[in-house]
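User: Please go through the packing of this chain with me, one question at a time.

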Amino acid sequence: KYCLWLLNANPSDLKMLPEVMGVVRRVKEFRESAKGEETRQYANTPTTFRDKNDPDTFLVIPRVSSERRNYIPIGFYDSSYIPGDTVMMVPDASLYHFGIVTSRMHMSWMRTVAGRLKSDYRYSKDIVYNNFIWPDSTDVQKAEIEKLAQAILDAREEHPNSSLADLYDPNTMPVNLTKAHQALDRAVDKLYSTKPFGSDAERVALLFEKYREKI
C-alpha cells in the first residue's frame, strides 16, 4: 500500500504530474458520491487526508497483538510519523496516559473485553479504551505514574537495537524492562485499591463494578 502526502503541495507543481492529478480526481469523485454527508464535504479538499496527524505527539496502540505478550507494546511517536490503519492513535497523550494504558490493570481489562483475531488480542477504541474506567488521581499520584512511565521508556532505550516486538516477547523481554513495568503496575493498582490484588480476575471485577456505577 502507498499514499500521496500532498499537504501544502504547490498547485502548479501538481498540474505537472498527470498521474498524481488522476489520483486526486478519483479521490474527489469518490468523496462526492459517498453516502455520508461528512465524507462528501471532504470532496472540496481532495489533495489531503480526511484525518491528519496534527498532534505534536501521540500514543500508538496496535489493533492486533499476540496473546503471548504480557503487555501490548505501546509507543510514543511525533508528527513526523503517519499512523496507518493497523494501529489506534491517542492524540496529545501524556506520560500519565501512557502509564495507565500500559499498566497491568488496563491489560487485564483488555484481555477480558477485547475481540480476537484468531487467538490474538484485537484492541478497539469503542469496546476497550472508551469503556475503561480511569482512576481518580491527585497531582502527586499523577506525577508518580509519569515518573514510572518514563522509567519504562528509559528501559527500552537501553536496548536500541531491539524492536518493540522483541522487547515484549515473553521469552526475550529484558529484566530491566520487566522490573520497570512491575513498578508501574504496583503504583497503578494503588490508585484503584489500597489492598493488593490477588489476581487479574480481581482487577477486572473491580473495574466492572466501577463501570456499573458509572452507567
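**Core, helix packing and sheet**

Analyst: This is a predicted model. In it, I74 touches L59, V60, I61, F98, V101, T102, M107 and R156, leaving aside residues up to four places away in sequence.

User: Which element gives the largest share of the largest nonpolar core?

Analyst: The core has 40 residues, and I74, M110, I145 and Y192 touch the most other members. Two or more residues each come from β1 (57-62), β4 (87-91), α4 (95-101), α5 (104-113), α7 (139-157) and α9 (175-192). The largest share, 7 residues, is that of α9.

User: How do α5 and α10 lie relative to each other, roughly parallel or roughly perpendicular?

Analyst: Helix α10 covers residues 200-214, and its axis is 9 Å from that of α5. The two pack at an angle of about 80°. Angles of 65 to 115 degrees count as roughly perpendicular, so α5 is to α10 roughly perpendicular.

User: How many charged residues are in the contact of α5 with α10?

Analyst: From α5 the contact takes R104, M105, S108, W109, R111, T112 and V113. From α10 it takes D200, R203, V204, L207 and F208. By class there are 6 nonpolar residues and 2 polar ones, and the number of charged residues is 4.

User: What is the bridge partner of F58 in β4?

Analyst: β1 and β4 pair in the antiparallel sense over 5 bridges. In β4, the partner of F58 is P91.

Notes: Residues are numbered from 1 along each chain as its sequence is written. This is a predicted model: local features need pLDDT of at least 70, side-chain atom pairs count only at pLDDT 80 or more; totals for chains, interfaces and linings use all residues. Side-chain values use heavy atoms; hydrogens and water are left out. A nonpolar core is a set of buried Ala, Val, Leu, Ile, Met, Phe, Trp, Tyr and Cys residues joined through side-chain atoms within 4.5 Å. Buried means under 20% relative accessible area, exposed over 50%, partly exposed in between (1.4 Å probe, protein chains only). Helices (H or I, at least four residues) and strands (E, at least two) are DSSP runs, numbered from the N terminus. Contact means heavy atoms within 4.5 Å. Axes are lines fitted to C-alpha atoms, for helices over the stretch in contact, and angles run from 0 to 180 degrees between N-to-C directions. Angles under 35 degrees count as roughly parallel, over 145 as roughly antiparallel, 65 to 115 as roughly perpendicular and the rest as oblique. Ala, Val, Leu, Ile, Met, Phe, Trp, Tyr, Cys and Pro count as nonpolar, Asp, Glu, Lys and Arg as charged, and the others, Gly among them, as polar. Two strands pair if DSSP finds at least two bridges between them.
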